[in-house]
Amino acid sequence: MSHDDHGHGHGHGAGTEAPEAPPVNDTEGSLLNALRAKAEPLKKFMGGEYKETQVWKSIFRHKLDKSHRNRSLAVLSNVFLHLHPARINRNAVRYNFTWGMGGITFYLFVLLTLTGTLLMFYFHPSKGQAYKDIMYLQNDVPFGNLLRNMHRWSAHAMVITTWIHMMRVFLTGSYKPPREFNWNIGVLLLLFTMLLSFTGYLLPDDQLGFWAVTVGTNMARATPILGHEGPLGPELGFTAFNDVRFALLGGSVVDANALLRAYIWHCIAIPIIAAVLMIVHFWRIRKDGAISGHAPVMLESEVK
Amino acid sequence: MDWEQIWKLVALPDNVPIVLLLVLLPFYLWMAFSQAFKNDRLIARLEADPDLRKTHHRTTFPHHPSWAPTVHVWPHLLKREFIAMIIVTAFMIVWSICLDAPLEEPANPNLTMNPSKAPWYFLGLQELLVYFDPWIAGVVLPSIILGGLMAIPYIDTNPLGNGYYTWKQRKFAVGTFLFGFIVLWVVMVVIGTFIRGPGWLWFWPGQTWDHHRVDHEVNYDLHAYFGIEGTWPTFFFGLGFLLALGGITGALTHLFLKKCYPRMLQSMSKLQYIVMMQFWVFQIIVVVKVIARLVFHVKNFWVTPWFNV
């Protein structure tokens, strides 16, 4: 077999080598010139002709020069960028108007999805194993500790940027018509951001998460009507074993079922809900006429 | 002063984000208000000068008549987004290298943490547990907060200040929002995190957390101050007090608005006005209750056989 392979390889090599070794002429210069001449097609190709190939044209539908048309197409013909308009208010791109907070919040969500997915490869949402998995991540998995840290701190940062984004939107009056509905989507996103962070808190299954979630869900048993310690709850037949807290925890105490439920809410359900809301949020920004400003100031005497 | 106690609290990994918040918040408030005041000065100038009104570009940003009012997203917005992404990524990596996420002992239901605290962003609500029954602090108040936030666009009839920072044109709206956000939310988070120690007792910054401290503070229900006894007298006294408190707050607010913002009242429908007043009164009652508890040791305003407020 090896002889066959060798023979084949040799024959193939000879076939391709032949044109690269032209008959040597008297001077070195002409050799260089000859090589240059040979390299000319490649140079042309790399210099721009590759943009004429069918492969390139199938991927990029337009050129990348500075014409208005191409700058618009760069945004409009790209699925990831087409959420943007082609043109935008000159002052809307200023940092001190938007602070970039909404975008940063979204980017943190992306970062959290990436690091969270990687963490899921190492994590079993079962009592006993969960804590060991965190230890494993911290001590043995290459970059595992960095991964966990980034997930944790990005989550906290996202809560903060959500608040500050909301403050910016309020202070610029951006919830005013026609953007009332989008503000409401934003309020829901605020809620789900905090719930995402909260459900993630339990997952390491340590004392910190356990007691934080115990304290948090203890409030649920005081829910009016639906909680067994809330007003009218006991009268309607709710006990610790059938009320709303039981439904959240899958039990009357924070235990294995609670861990599993937190995991599913954290990794699947809430991210999907939040993603859907985000799609609506971004879509409505466009449909409501892009971001609110910077608008020209209005005067009280001009109000009709 | 027990500096070590403060340091232990501030350097607790999960408290570091609050420190970040406390740095970012004043910075962005400054950024917002410096622009708001600039815009207010421009507005005053335009109000005073009708000729300028017709020609002025009406922003405080640099302006030239030859500049197009819009710019291409590619590259002007996208390059900023790209830079922001790089900065945020770098920031998160540095933060994650420098500070490890906390991991305590494995969960142990038999070993209660004291104090056991919710995640820091919920500590405002947990702090409210001191002042209200759990069903109010944990369920009703969060619902009111969310409901109030969602109602904002529908009760704010002021057409001014849409798309630019301003203080003078939206004093009531901006003031109410910042009061709710900064005082009733952020300050409560800070109290819950840095002030509340073992037993959820009040420890001033620098005071050592004493796990054996006994709480000698005794709180009374409001009716006890007036010597009222019995289920129904107590019930009606509390109900009457809350209604009176709400009524007085509402009436004072109404007078204030009528004097200072008559146009605002005129432009609101009855429903808008009632909803706005509802949320405003709720907000004030929370404040009154917090002060009554911290300063006058009042436990409940309204005691009934089923629930207390």
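Colleague: How far apart are the centres of domain 1 and domain 2 of chain A?

Modeller: In this predicted model, the centres of domain 1 of chain A and domain 2 of chain A are separated by 28 Å, taken over C-alpha atoms. The domain assignment puts domain 1 at 32-60 and domain 2 at 62-93, and it also gives domain 3 at 96-296.

Colleague: What makes Lys176(A) and Asp156(B) a salt bridge?

Modeller: Their side chains meet at 3.6 Å, N to O. The rule asks for a Lys or Arg side-chain nitrogen within 4 Å of a carboxyl oxygen of Asp or Glu, so this pair qualifies. The count between chain A and chain B is 3 salt bridges.

Colleague: Which element gives the largest share of the side of chain A that touches chain B?

Modeller: That is H8(A), with 19 residues. By class, this side of chain A has 58 nonpolar, 22 polar and 16 charged residues.

Colleague: How much area is buried between chain A and chain B?

Modeller: About 9,500 Å², and carbon and sulfur atoms give 70% of that. Here 96 residues of chain A are in contact with 101 residues of chain B.

Colleague: Why are E1(A) and E1(B) called paired strands?

Modeller: Pairing needs at least two bridges, and these strands have 3, so they count as a pair, in the antiparallel sense. Within this pairing, Asn89(A) stands opposite Thr70(B).

Conventions
Residues are numbered from 1 along each chain as its sequence is written. Chains are lettered from A and ligands numbered from 1 in the order in which they are written. This is a predicted model: local features need pLDDT of at least 70, side-chain atom pairs count only at pLDDT 80 or more; totals for chains, interfaces and linings use all residues. Side-chain values use heavy atoms; hydrogens and water are left out. Domain bounds come from an automatic or database domain assignment. Contact means heavy atoms within 4.5 Å. Buried area is the accessible area (1.4 Å probe) that two parts lose on being put together, summed over both. Helices (H or I, at least four residues) and strands (E, at least two) are DSSP runs, numbered from the N terminus. Ala, Val, Leu, Ile, Met, Phe, Trp, Tyr, Cys and Pro count as nonpolar, Asp, Glu, Lys and Arg as charged, and the others, Gly among them, as polar.
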